[in-house]
Amino acid sequence: MLGLRKKNRIREAKKLEIGSGSKPKKGYIHFDVRSNVKADIIGDARQLPFENLEYDEVYSRFFLEHLPRNDAKKALSEMYRVLKLDGTIELIVPNIAYFCKLFIEEKGQKKEWALNKLYGFENYPEDHHYFGYDYDVLAKYLHEVGFIDIIGVKDQEQYTHIKAKKPKL
Ligand SMILES: C[S@@+](CC[C@H](N)C(=O)[O-])C[C@H]1O[C@@H](n2cnc3c(N)ncnc32)[C@H](O)[C@@H]1O
C-alpha cells in the first residue's frame with residue numbers, strides 16, 4: 001500500500017527542465033529561450049514565467065554556462081523560487097578544470113573539443129559559454145542562493161553534476 005502511494009506521488013511530481021534544447025529529458029516540462037526547439041514554454045530563464053513553489057524538481061543540463069555569471073546567479077535564484085519546499089535541483093555543466101587541462105595537454109580534435117566546451121560551439125546565437133564551473137564554484141553559488149544538501153554526483157569527470165535541495169522551511 002505504502003509502495004503504491006509512493007508510486008503515485010512520483011507520477012504526480014511536477015518537473016521542469018530549463019534549457020532543454022533539442023535533447024529534452026523525458027517526464028519534464030521543457031523550457032527554452034529558442035522558439036525553434038520543441039519546448040513546452042518559451043522564455044528566458046533569468047525571469048521564469050512560473051509561480052513561486054510550483055515545481056518538485058528542476059533539472060538543467062549544459063545550460064547555465066550559456067549565461068554570464070551574474071545572470072546565471074539570477075537563473076539559479078529563479079529556479080530556487082519556483083521550487084517547492086524540499087524540492088530538488090539537478091544541474092550538469094562542463095567541468096572547466098577538465099577542459100582547461102584537455103586544452104593544454106591535447107592536440108587536434110580533442111583540443112578543439114576543449115575550446116568548444118570552454119567557449120561554446122557557436123551553432124546558434126545563444127550557443128556561447130560565458131562562464132565556467134567546477135564543483136566548488138557551482139556549489140558556492142547554490143549555497144548563496146539558499147540551497148542545502150549540496151552533493152556532487154560522481155559520474156563523468158568532464159562534467160560537474162550536482163544535486164541540491166531547497167530547505168523544507
Ligand atoms: C547546449 S544547449 C543544451 C540542450 C540540452 N539541455 C542538452 O543537454 O543537450 C543549451 C540550451 O540553453 C538554451 N538557453 C540559452 N540561454 C537561455 C536562456 N536565457 N533561457 C532559457 N534557455 C536558454 C539554448 O537555447 C539551448 O537550447
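In what order do the seven strands of the open sheet lie? The order is β3-β2-β1-β4-β5-β7-β6, and the pairing is mixed. This is a predicted model.

- Strands β3 (41-42) and β6 (148-152) are the edge strands. Each of them pairs on one side only.
- Strand β1 covers residues 15-18, and strand β4 covers residues 55-61.
- β1 and β4 run parallel, and three bridges join them.
- Glu 17 has Tyr 59 in β4 as its bridge partner.

**The nonpolar core**
- In soluble globular proteins, nonpolar side chains tend to be buried together.
- Here, the largest nonpolar core holds 29 residues.
- Val 58 and Met 79 have the most contacts inside this core.
- Several elements supply at least two residues each: β1, β4, α2 (69-82), β5 (83-94), α5 (135-145) and β7 (159-165).
- Helix α2 gives the most to the core, with five residues.
- Leaving aside residues up to four places away in sequence, Met 79 touches Ile 18, Val 58 and Ile 89.

**The ligand shell**
- The ligand is surrounded by 16 residues.
- The closest are Gly 19, Gly 21, Lys 23, Val 33 and Ala 45.
- By type, the shell divides into seven charged, five nonpolar and four polar residues.

Definitions and conventions. Residues numbered from 1 in each chain as written. Predicted model: local features only at pLDDT ≥ 70, side-chain atom pairs only at ≥ 80, totals over all residues. Pairing = 2+ DSSP bridges. Helix = DSSP H or I, 4+ residues; strand = E, 2+ residues; numbered from the N terminus. Core = buried A, V, L, I, M, F, W, Y, C linked by C-beta atoms within 7 Å. Buried ≥ 20, exposed ≤ 12 C-beta atoms within 10 Å, placed from the backbone. Contact = placed C-beta atoms within 7 Å. Near = placed C-beta within 6 Å. Nonpolar A, V, L, I, M, F, W, Y, C, P; charged D, E, K, R; others polar.
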